[in-house]
Amino acid sequence: MEAIRAINLTKKYKDTLAVDNLNLQVEQGMLLSLLGINGAGKTTTIKMLSCLTQPTEGDALLYGKSILTESMDVKAMIAVSPQETAIAPRLTVRENLELICGVYGFGKNKREARISEMVRLLRLEPIINKMGGKLSGGWQRRLSIAMALISEPKILFLDEPTLGLDVIARSELWDLIRSIKGKVTVILTTHYMEEAEALSDRIAIMKDGRLLICATAEEIKAHAGESSFEKAFINIVREAEK
Amino acid sequence: MKILTLAQRNAKEILRDPLNLAFGLGFPLVLLLLFSAIQANIPVDLFEIQHITPGLSVFGLSFMTLFTATVISKDRSQALLQRLYTTPVRPIDFILAYTLPMIPISLLQTVICYIAAVILGLDITVGILYAILFILPVSLLYIAMGLLFGSLLNDKQVGGICGAMLTNLSAWLSGIWFDLDLVGDGFRRIAYLLPFVHSVELERAMLLGNFADALPHLVWVLGYDAVLMTMAVLFFLRQIKKQ
């Protein structure tokens, strides 16, 4: 089943073409990584797909719902973990989770069940009553992801989820992402080649708003004639510059 | 439910900041004590307790503008609001969630101000109830300014515009501390084109139970409420689009 279909999705900011005529399909349960150097259009793509920014041209259908005309339906089935840690600093970890349950309209029983599930999944028990603003960067990122997962989204957007995390925190987050693969359709943006290669079912490489290739890591390596994914990425991006 | 959840969060965000509590509730009380002390030593009509209390209760509301604008501008600068914009919450829900918690906070501030005034010698009359009730349209005015500035400015600018400029404007152009006629006719005319002096006059008239005198000032306040709230909604919606 098709979870996402982007149709000629385009975003222009004055003279800058942030996303150029993007056509993309993502199957249900797939983890797709958007990979690219700075300014490639990864975050803008996520912002459009999550109804945060309106496309200049084109449309995208999420489970058949248009981001242009059915944005409330789309918003009910997605969750976003933005690039910056998105938590309420003067609320405790529990209150942050309750906040998201509240905006999705969960009743008391469902709210408590979802909070317990997130506390277990992300091992939040030691910090459950601490203020969000007092947590370390790693814990804040973990809470931010719990706030994205708690609404049981069909589609989860993770914008550079491991940025700034230490190696242990990153490894734990990878394990978490692997554990939800197949259950939730995940769109992940990252700068880290090894992250994209390790986690993704498919990888979309973007440059200057254009989609250069969308395939598995192995297919991308074969396409570029390289055994290393990083070299394959560099080849493809440099080739596009010519 | 969604509005209530967001409103509770906004209230906690404001009330859990000790500086907000100190300035929002403490500062008007300090001023009340100060003017009572001045009045005890050098009696001035303007500083009589029944005259200064309505003015201070209005002046205290300038902190509601500061609180509202600060919480919105900080939310805008952080990714939390971006996250919430991707949830099934309507723009009007956000506006209500920022507005609603400020109303009981404004009322609480006014009630505390009047309790302190009674302790300092204000006669207990039904006018106190009227004054507290009619603080609602005045508080809406200051909350609307908070929504407006919070949608337009970043958190540093909010500190300057709302924390310094608005509190000063609210003080100078309201006739709380000095008779506007003393400054001159031009100054008086400008002041009476703005909502601050009308808010104070409304409260002074209500404390005396004088509805006829209050009515023209109420019309000014309600007019500014409508204009500022409309502008606030439009600019709030514009900043959502700019996200």
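T86(B) sits in the loop that links α5 (80-85) to α6 (91-99) of chain B. Please keep in mind that we are looking at a predicted model. Is T86(B) buried or exposed? Its relative accessibility is 2%, so T86(B) counts as buried, the cut-off for that class being under 20%. Which residues does T86(B) touch, if its neighbours within four places in sequence are set aside? The contacts are S50(A), L52(A), K75(A), I78(A), V80(A) and Y104(A).

I now turn to strand β3 of chain A, residues 31-35. Of its 5 residues, 5 are buried, and the strand is thus described as mostly covered. L31(A), S33(A) and L35(A) point one way, while L32(A) and L34(A) point the other. In general, side chains in a regular strand alternate between the two faces of the sheet.

What does β3(A) pair with? One partner is strand β8 of chain A, residues 185-190, in the parallel sense and over 5 bridges. Another is strand β9 of chain A, residues 202-207, also parallel, with 4 bridges.

Finally, the surface of chain B. L19(B), F23(B) and F27(B) make up a nonpolar patch there, and together they have about 280 Å² of accessible area. F27(B) belongs to helix α2, residues 18-41 of chain B. With a relative accessibility of 30%, F27(B) counts as partly exposed.

Thank you for your attention.

Note on methods: Residues numbered from 1 in each chain as written. Chains lettered and ligands numbered in written order. Predicted model: local features only at pLDDT ≥ 70, side-chain atom pairs only at ≥ 80, totals over all residues. Heavy atoms only, no water. Buried < 20%, exposed > 50% of the residue type's maximum accessible area, 1.4 Å probe, protein only. Helix = DSSP H or I, 4+ residues; strand = E, 2+ residues; numbered from the N terminus. Pairing = 2+ DSSP bridges. Contact = heavy atoms within 4.5 Å. Patch = residues over 30% accessible without salt bridge, like charges linked within 9 Å, V, L, I, M, F, W, Y side chains within 5 Å. Areas by Shrake-Rupley, 256 points an atom, 1.4 Å probe, with all protein chains shown as cover. Salt bridge = Lys/Arg side-chain N within 4 Å of Asp/Glu carboxyl O.
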